[in-house]
Amino acid sequence: MKRKLGISIYPDYSDFASDKAYIKKASEFGFSRIFMSLLEITGEKKEVIAKYQKLTKLAKELNYEVILDVSPTIFNLLGISYDDLSFFVELGVDGLRLDDGFDGKKEALLSYNPQGLIIELNMSNDVAYVDNILTYQANKPFIYGCHNFYPQKGTGLPYDFFVKCSQRFKRNNLHTAAFISSQSGKIGPWSVNDGLPTLEEDRELPIEVQAKKMFATGLIDDVIIGNSYASDEELKKLSLIDRYQVELKIDFVSDINKVEHDIVLKNQHVRRGDINEQVIRSTEVRKKYHSFSNSPHDNEIEFQKGDVVIGNNEFGKYKNELQIVLKPHKDNRKNLVGHINTDELLLLPFIKSWSKFKFVC
C-alpha cells in the first residue's frame with residue numbers, strides 16, 4: 001500500500017486564494033491527500049457547496065484524495081441524511097471522516113454507500129470500536145482509520161496508547177492516518193492552536209522528524225500536516241524523506257575519508273538479524289569494501305549513543321563494517337565518522353532485527 005503525505009485545509013478560517021496557493025505548492029512537493037474540516041461551517045447550504053466545490057475541484061485536478069471531517073451536528077445543520085450521501089459527491093470529496101461514531105452496524109452499512117465514498121473512522125480510542133464494525137461485515141476496502149489531532153498543548157496522545165489504538169486497525173489491514181504539526185502553521189479548527197499533532201511528545205519536533213517517526217512505526221500509511229500553512233521549507237523537507245525505511249541525518253567528522261563516506265551514503269544498510277544492545281551493525285558493507293584500506297582516525301575516544309563508526313585496518317575481518325552506537329564504549333579499532341542528528345536519535349529503536357536503513361547529510 002502506497003504511503004501518502006497530506007495537508008489540511010480549513011475553509012471557514014482561510015481564504016480561497018491562500019488555500020489554492022497552498023494546495024498547488026504541496027502538490028509540487030508530492031503531497032496527494034487533503035484533510036478538510038466541515039465541522040466549523042457557517043452559512044447556507046448553497047454557500048457551503050460553492051465554497052467547498054471550488055477547493056475540491058482544484059484538488060481533484062491535482063490528483064489529491066480529499067476526505068472531509070463530519071459529525072451528526074453538521075448533517076442536522078445542513079438538512080442531510082446519513083442514508084443519502086449524494087451531497088458529498090456534489091462537493092467532490094472522496095470520503096468522510098466520522099468524528100463521532102455510531103453503533104457499528106450503522107458504520108458497516110455506510111461503507112456500502114452507492115456513491116463509493118470512503119468511510120474513515122476515529123482511531124484515537126483504545127476500544128473495540130473497529131472490531132465491532134467489522135463484525136457487521138463492513139466493506140473493508142472502504143473503511144479507513146485516522147487519528148485525532150490535539151490543538152491544546154499537553155493533550156496529545158502518549159506514544160504507548162497511540163500504538164495500542166493503531167494496532168487495532170493495522171491487524172485488520174485497514175488504511176491508517178495520523179497528524180503531525182507544522183512549526184509555522186497558525187490555522188486550525190479552533191481558537192486554541194498550539195500545533196496540531198496526534199502525538200504529544202512530537203509537538204515541538206522538526207516536522208520531518210515527526211513524519212519519519214510516524215512512518216517508522218509501521219502503523220501509519222498517511223501522514224497529514226494538521227495545521228495550515230506549513231512553510232515551503234517544511235513541505236520540501238517532508239517531500240525528501242523515505243516513507244518506507246528509517247533514514248538518518250548524519251553530521252560527518254572532518255577527517256572522514258572517501259571510503260568511509262561512500263560506505264555511509266552509497267549503500268543500503270541492513271541491521272544484522274542477531275542483534276545486540278551495544279551497536280546496530282551493518283555488516284554487508286564490510287564484504288563489499290574488504291579490499292579497501294582504512295587508516296585509524298578519531299578512534300581514541302569513548303563513543304556515545306548516536307555516533308556512527310566504521311572498523312579501521314586494525315579490526316581484521318570487521319574492517320569497514322559500519323555500526324551505530326547505542327551504548328557508550330571505547331574501541332580503537334573503530335573510527336568515528338559522524339553523529340546522528342540529535343533530534344533523530346528517537347528513530348534508533350525503530351531499527352530492529354533485519355531492518356533496512358539509510359543515511360543522508
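This is a predicted model: local features need pLDDT of at least 70, side-chain atom pairs count only at pLDDT 80 or more; totals for chains, interfaces and linings use all residues.

**Strand pairing**

Strand 14 covers residues 322-325 and runs antiparallel to strand 13, with three bridges joining the two.

Next I checked strand 16, residues 334-340. It also runs antiparallel to strand 13, and here I get five bridges. V308 turns up again, this time with G338 as its bridge partner in strand 16.

**Burial of strand 13**

Is strand 13 covered on one face or on both? Both, as I read it: D307, V309 and G311 are buried on one side, and V308 and I310 are buried on the other. Five of the five residues of strand 13 are buried, so I noted the strand as largely enclosed by the rest of the structure.

**Helix 8 against helix 9**

Then I moved on to the helices. For a packed pair I want the angle between the axes and the distance between the axes. Helix 8 (residues 207-216) and helix 9 (residues 232-240) pack at about 30°, and their axes are 9 Å apart. Angles under 35 degrees count as roughly parallel, so I put helix 8 down as roughly parallel to helix 9. I logged their crossing as right-handed.

Which residues meet there? From helix 8 I listed I207, E208 and A211, and they meet E234, K237 and L238 of helix 9. Sorting this contact by class, I get three nonpolar residues, three charged and no polar ones.

Methods: Residues are numbered from 1 along each chain as its sequence is written. Side-chain values use heavy atoms; hydrogens and water are left out. Buried means under 20% relative accessible area, exposed over 50%, partly exposed in between (1.4 Å probe, protein chains only). Helices (H or I, at least four residues) and strands (E, at least two) are DSSP runs, numbered from the N terminus. Two strands pair if DSSP finds at least two bridges between them. Axes are lines fitted to C-alpha atoms, for helices over the stretch in contact, and angles run from 0 to 180 degrees between N-to-C directions. Angles under 35 degrees count as roughly parallel, over 145 as roughly antiparallel, 65 to 115 as roughly perpendicular and the rest as oblique. A crossing is left-handed if the near helix is turned anticlockwise from the far one by less than a right angle, and right-handed if clockwise. Contact means heavy atoms within 4.5 Å. Ala, Val, Leu, Ile, Met, Phe, Trp, Tyr, Cys and Pro count as nonpolar, Asp, Glu, Lys and Arg as charged, and the others, Gly among them, as polar.
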